[in-house]
Structures are given as structure tokens and as C-alpha cells.
Amino acid sequence: MIAAADFNITKVERSKLNEMSLENIPFGKYFTDHMLEVDYEDGEWKTVEIKPYQPLLLSPSLAALHYGQAIFEGVKAYKDQDGEARIFRPFENFKRFNISAERMAMPQVPENIFIEGMRQLIELDKNWIPKHADHSLYIRPFMFSSDELIGVRPSEKYKFMIILSPTGPYYNVPMRIYVEEKYVRAVPGGVGYVKAAGNYGSAMFATKEAKSKGYDQVLWMDAFEHKYVQECGTMNVFFIIGDTAITPDLAAGTILAGVTRDSTITLLKEIGFKVEERPLSIDDIVDAYKAGVLYEVFGTGTAATISMIKELRYKDFLMNFDVDNWRTAPEVKQRMADIKEGKSTDRYGWMQKV
Ligand code: COI
């Protein structure tokens, strides 16, 4: 265990915050004054450095650049009604980070680096947490292999870092989604359930093609039959059919176990929905639409929180939704926001003090 004393903290002389506004900022473009950096070498984590946000000096032979041994997380911090900083379910991200690390043959990151490091970094940069609705401080922990060697094998050295980015809403408007039948995101036995950087890189071509057809994102389908729904863009996906909320189950290891997905399931049950985690085929979705019982479709993710889908295109069949009259997705989003911003009781113990 690394005690808090093993944190080496160097503060900026002057905050960049004086030069910018924290309202309506695009996702992931601006970063706070400080970052956390720690190296893994000779089988152990070295001293944690919290220091001014700055570029890294990396060798062109850096293993991560060649073979993609790289993972990350997305977490968010908010200000509660008393102006105190709170982090949303960071222990869930911590657990998932180490599941990703294991699958990518990378070392485990101890809790007091991931959680305590995050806490100390946010303590330093808490003035960067925006107070406006739909705004937050996005926390990006990540790790990559740092051997300077282009031999193909798990690296011996790694770097773990945390950077912080104040952010406004991710998707401002309801999305148009293209059901993807040619390209796949994940296969059983693969890495779909982990937050490996390569999952996002390899999704970009299909997304680019969908965008050229006028869509915002793709609905990923299973790799064998292109029949069962997996995820939507970078999000988990929910379908309200009749009185039941259905989301694909995690059993095949092709779907990321989203923290927002899990929180949405809890809140849907709180509202009174039956929730089913199970395989859901595109044919069943089309049938429900034709029968007039497919009421809502929405994505969930840390960055996007809850994002409504106003159009779903499967082959030449268009499913359109009157999102302005939806009740469930907005209700879940509001309940989640109220907990995050300390406007309602944190019944599930989701918010962690900084
Ligand atoms: C998140 O929701 O945190 C994500 O990881 C999606 C994207 C920003 C990569």
C-alpha cells in the first residue's frame, strides 16, 4: 500500500481557470491545472506525482503506441448543494479498471493510487467543477504500457495517469442511430467487456460511415448473426417495451458493464418498471415498434449519462420516436442528476466525498 505521504504534490503558480468560463464547454477539450502520474517498474508502483498538467515526453518505440496495451475509465464529479465536491461511484470504476487491466495483461492499480489519487487531485482542482445543469468534471484515469521495445509481449513498465476535464452536455440533442450489420464491436472471448482503448479506435470506421449517411452513432449487433443488440455507440442501450425495460445482458462478455447502466437499472426499478437483462433481437424490436409498444430507446454512459434516441434505422425500415412526449428516460435522468447534485437523498450511497 502507498500511504498518502507517498504522494508528491507540486502546485501550479497560477490557475488557468481565471482565463475561462465553465459554461457550455465541449466534452474533453479543456483540462484542469493538475494531473496525476505514476510509473510501474520492477514489479512495483513508484511515487505518485501530482503536478501541473503538461505534455509527456515519450519514445517512438513506446510499446503502447504499437500494440495498444492501453485502458481507461470515465468517472464524474459534481458539486452538491453546499458546494462540496462529490464523485459518482468511483469504486465501481476502480473495480472495472482492474478487470480491464487483467484482461490486457497489465498490472493491478492499488485502491490508494486510483481512489486516493483521484481524491487528492480533485481536492486540488475542485474549483474546476462546473455548477451548471448537465455539467460536471469528467475524470479520466488511464494506463498504458511504457516499455521502449517493439517486441510483442506484455510490457514490463506502465504509466498510470489521471486527468480532469470540465465538461458540458455530451449529446445535446436526441440521436439518430444506424443498426450496424457489417462491422462488429465485440465477440465472445474478446475484449468487449473491458475499457480497452482499441475498442474505441476500432469502432471509429463504422461510426464514420454511419455519420456519412446522416446518423450520429451505430447500434452494434452480435458478431455471428447480426441479430442481437449489444451497445449503442459508446453507450449501453435500453428499450422500453410495454411495462418492461430491457437491456442486453453481460453474460457473453461482449458488453461493457456500465456504471450508468447499473444505476439506470436501479432507478428504473425505483420508478416501478420491470427490468430484464437478456438477449434482445432486432426482429423483436421491430415487432414491438410495429405493435406500438416500443415506447422509448435510450443510451446510457458516463460521458452521455442518458441520451435519447429519436430514430432507429434497420435496413430500410425507419423507427421514429416522439421523444418530446417521453416520460421514462427524462425521469431516470432527472433522478440521477438530483442524486449527483445533492438535490435528493443519496439512498444507494453512490456519492463519495472528496
Ligand atoms: C464514457 O462514457 O465515459 C466513455 O468512456 C465514452 C467515451 C467518452 C469514450
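At what angle do helix 6 and helix 8 pack, and how far apart are their axes? In this predicted model, helix 6 (residues 259–271) and helix 8 (residues 328–340) pack at about 110 degrees, and their axes are 10 Å apart. Helix 6 is therefore roughly perpendicular to helix 8 (under 35 degrees counts as roughly parallel, over 145 as roughly antiparallel, 65 to 115 as roughly perpendicular, the rest as oblique). Axes are lines fitted to C-alpha atoms, for helices over the stretch in contact, and the angles run from 0 to 180 degrees between N-to-C directions. Helices (H or I, at least four residues) and strands (E, at least two) are DSSP runs numbered from the N terminus.

Residues are numbered from 1 along each chain as its sequence is written. Local features need pLDDT of at least 70 and side-chain atom pairs pLDDT 80 or more, while totals for chains, interfaces and linings use all residues; side-chain values use heavy atoms, without hydrogens and water.

On the helix 6 side, the contact is made by T260, S263, T264, L267, L268, E270 and I271. Helix 8 contributes T328, E331, V332, R335, M336 and I339. Contact means heavy atoms within 4.5 Å. The residues of this contact comprise 6 nonpolar, 4 polar and 3 charged (Ala, Val, Leu, Ile, Met, Phe, Trp, Tyr, Cys and Pro count as nonpolar, Asp, Glu, Lys and Arg as charged, the others, Gly among them, as polar).

**Aromatic rings**

The whole structure holds 19 aromatic pairs. Rings of Phe, Tyr and Trp (its six-membered ring) pair if their centres lie within 6.5 Å; planes under 30 degrees apart count as stacked, over 60 as edge-to-face and the rest as tilted. Two of the pairs are tabulated.

| Pair | Centre distance | Plane angle | Class |
|---|---|---|---|
| F27 and Y138 | 4.8 Å | 75 degrees | edge-to-face |
| F94 and F114 | 5.4 Å | 50 degrees | tilted |

F27, in the loop between strand 1 (7–9) and strand 2 (34–41), and Y138, in strand 8 (residues 136–145), are 111 residues apart, and their pair links distant parts of the chain. F27 is partly exposed at 29% relative accessibility, whereas Y138 is buried at 6%. Buried means under 20% relative accessible area, exposed over 50%, and partly exposed in between (1.4 Å probe, protein chains only).

F94 belongs to helix 2 (residues 90–103) and F114 to helix 3 (residues 111–124), so their pair ties together parts that are 20 residues apart in sequence. Both F94 and F114 are buried. Ring pairs also join F94 and F114 with Y40, W45, F97, Y158 and F160 in a cluster.

Charged groups sit over other rings. R176 lies over the face of Y215, 4.6 Å from the ring centre, and the charged end of K290 sits over the ring of F317, 5.1 Å from its centre. The criterion is NZ of Lys or CZ of Arg within 6 Å of the ring centre and within 35 degrees of the ring normal.

**Individual residues**

K51, in strand 4 (residues 48–52), is buried with a relative accessible area of 18%. Apart from neighbours within four places in sequence, K51 is in contact with T10, D33, H34, M35 and E37.

Most residues other than glycine have a negative phi. N24, which is not a glycine, has a positive phi of about 50 degrees. N24 is placed in the loop between strand 1 and strand 2 and is exposed, at 60% relative accessible area. T305 also has a positive phi, near 55 degrees. T305 lies in strand 17 (residues 305–314) and is buried, at 13% relative accessibility.
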